[in-house]
Amino acid sequence: MTDEPCPPDDLPRYEIRQEPRGGWTIVDTLTSLPAATDGRDFVGLSKRDAEDIARELNLSAAEGRDPLI
């Protein structure tokens with residue numbers, strides 16, 4: 001069990017955040033860490049790519065599929 005609160009069910013699991021140097025990161029709101037797949041973090045993305053990937057990840061999560069397998 002962690003001390004960090006879990007986001008309510010109506011909030012997206014994945015969200016994008018702008019990095020200090022201008023790139024975009026997809027953050028897993030359950031862990032507050034960058035989302036990752038195949039050992040690669042989703043960081044340093046263009047805003048459009050981050051939005052598109054986060055949308056797909058959230059759709060998969062909403063359908064009960066693990067989007068990062």
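## The end of helix α1

Just after α1, Gly64 adopts a positive phi of about 85 degrees; helices here are DSSP runs of H or I with at least four residues, strands are runs of E with at least two, and both are numbered from the N terminus. The model is predicted, with local features requiring pLDDT of at least 70 and side-chain atom pairs counting only at pLDDT 80 or more, while totals for chains, interfaces and linings use all residues. Residues are numbered from 1 along each chain as its sequence is written, and side-chain values use heavy atoms, leaving out hydrogens and water.

## The faces of α1

The 16 residues of α1 reach 22 Å from the first C-alpha to the last, close to the 22 Å expected at 1.5 Å a residue, where the expected span is 1.5 Å times one less than the number of residues.

Ala50, Ala54, Leu57, Asn58 and Ser60 are the buried residues of α1 (buried means under 20% relative accessible area, exposed over 50%, partly exposed in between, with a 1.4 Å probe and protein chains only). Seen down the axis of α1, these buried residues fall within an arc of 160 degrees, so they line one face of the helix; the arc is that of the directions from the helix axis to the C-beta atoms. The face turned away from the buried side carries the exposed residues Arg48 and Ala62.

## The nonpolar core

The largest nonpolar core comprises nine residues, Tyr14, Trp24, Ile26, Ala35, Phe42, Leu45, Ala50, Ala54 and Leu57; such a core is a set of buried Ala, Val, Leu, Ile, Met, Phe, Trp, Tyr and Cys residues joined through side-chain atoms within 4.5 Å. β2 (24–28) and α1 (47–62) each supply at least two residues of this core, and α1 gives the most, with three.
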